[in-house]
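Work through the exercises below with the sequence and the model side by side. Each task is followed by a solution that goes step by step.

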Amino acid sequence: MKKKKTTISDVAEKAGVSKSTVSQYINQRFRYMSAETKDRIEQVIQELDFRPNDNARNLKVKKTKVIGILVANILHTLSTEIIRTVEEQLQHRGMKVFICDSADDPEKEKEYLDLLVSTQVDGIIIFPVGNDFKVYNYLIDHSIPMVFVDRLVDGVTSDSVLLDNHAAIFLAVSMLAEKGHENIAFLTLPIDIPITPRLERIEGFKKAMASHKLEVREDDIHSLPRNQIQEKLARIFDAEKPPTAIVAGNDLVLREILSYLKQQKISIPGEVAIVSIDDVAYTEFYEPSITTIGQPIQQMGIKTAELLLNRITNSDQAPYITYRFAPELIVRSSC
């Protein structure tokens, strides 16, 4: 009688692990596997005389039709609106999404990436938080499709979708300069971790001011945590020459600015003009309505889903592309 061929199921059963774990071992995806599990699988493979190389082509895990979305901070309106568009696009293709919030914490991001990989999602959309290129290159090295949104990471080559940040800040500064403002401040969130839009908008602010022959003083650019913004604003407006205009780096910064100005009864635009990057819903209805720089969120979401689906269905396709979308100046009453 011909001896029954040992299968991956036999190995999994004897090792006390799932078939997907054995598959990960065979494909040398050890990062998400304990040394104990790895040794146990190796021992069982030897005992059962299992030939993984002969069976490798049969070990490919079936598509799960699940996509992981790892968002930097779910409080950002941009993130939630892009996610909504992406989810709609994926649902039309019969796919579901897992949404994880890193809360601007690189360690939490790593934990969620481990989770998404271990659950064998078909691909991952990432709003990156960290700057450890090894974390993201692991996905590339193991042929896990991914797309970056809103941010880039040095040392990582991936499809990416984000705003043309230099153009966005140039629109804001140019409009204020044309209205006669010379003393313009820019506030953004921390840059201790190199977050692409924050860095690019600071650089773009300096260039835009220079192009209009406006001086950039050391105290004109502020990068700090959200819970320190109002305290900083108090010092800014106590200065001998407070700014006549402020550009908010994003919607979270804008909230803090508006809250402070309201508490201090500082009038907009009478005492200070306001422009914000990110056109969130309340800016249209706030009194006075706030001039913003809008992002084409729907187009960005559609492109993100399209790029990931293309990578999933054609993993050998080349090359990786960064798509930058043009901003839109939405003029209202705050200037």
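**Exercise 1. Determine whether Ile 74 is buried, partly exposed or exposed, and find the patch to which Ile 74 belongs.**

Step 1: Ile 74 has a relative accessibility of 34% and therefore counts as partly exposed, where buried means under 20% relative accessible area, exposed means over 50%, and partly exposed is in between (1.4 Å probe, protein chains only). This is a predicted model, in which local features need pLDDT of at least 70 and side-chain atom pairs count only at pLDDT 80 or more, while totals for chains, interfaces and linings use all residues. Residues are numbered from 1 along each chain as its sequence is written, and side-chain values use heavy atoms, with hydrogens and water left out.

Step 2: Ile 74 sits in the loop between β1 (66-71) and α5 (77-91), with helices (H or I, at least four residues) and strands (E, at least two) taken as DSSP runs and numbered from the N terminus.

Step 3: Together with Leu 75 and Ile 99, Ile 74 forms a nonpolar surface patch with about 250 Å² of accessible area. Such a patch joins nonpolar side chains (Val, Leu, Ile, Met, Phe, Trp, Tyr) within 5 Å, from residues with over 30% relative accessible area and no salt bridge, a salt bridge being a side-chain nitrogen of Lys or Arg within 4 Å of a carboxyl oxygen of Asp or Glu. The areas come from the Shrake-Rupley method with a 1.4 Å probe.

**Exercise 2. Locate Thr 313 and list the backbone oxygens that lie by a polar atom of its side chain.**

Step 1: Thr 313 belongs to helix α13 (residues 297-313), and Thr 313 is exposed because its relative accessible area is 57%.

Step 2: A polar atom of the Thr 313 side chain lies 3.0 Å from the backbone oxygen of Leu 309 and 3.3 Å from that of Asn 310. A polar contact is a pair of N or O atoms within 3.5 Å; within protein, one must be able to donate a hydrogen and the other to accept it, and residues adjacent in sequence count only if both atoms are side-chain atoms.

**Exercise 3. Describe the aromatic pair of Phe 186 and Phe 205, and explain what the pair ties together.**

Step 1: The count comes to three aromatic pairs, where rings of Phe, Tyr and Trp (its six-membered ring) pair if their centres lie within 6.5 Å, and planes under 30 degrees apart count as stacked, over 60 as edge-to-face and the rest as tilted.

Step 2: Phe 186 and Phe 205 form a stacked pair, 5.5 Å centre to centre with 20° between the planes. Phe 186 lies in strand β6 (residues 184-188) and Phe 205 in helix α9 (residues 196-211), so the pair ties together parts that are 19 residues apart in sequence.

Step 3: Phe 186 is buried, with a relative accessible area of 0%, and Phe 205 is buried with a value of 0%.

**Exercise 4. Which backbone nitrogens does the side chain of Asn 250 reach?**

Step 1: Asn 250 is in the loop between β8 (245-248) and α11, and Asn 250 counts as buried because its relative accessibility is 7%.

Step 2: A polar atom of the Asn 250 side chain lies 3.0 Å from the backbone nitrogen of Leu 252, and the side chain of Asn 250 also reaches the backbone nitrogen of Val 253 at 3.0 Å.

Key. Patches are made of residues with over 30% relative accessible area and no salt bridge: like charges are joined within 9 Å, nonpolar side chains (Val, Leu, Ile, Met, Phe, Trp, Tyr) within 5 Å.
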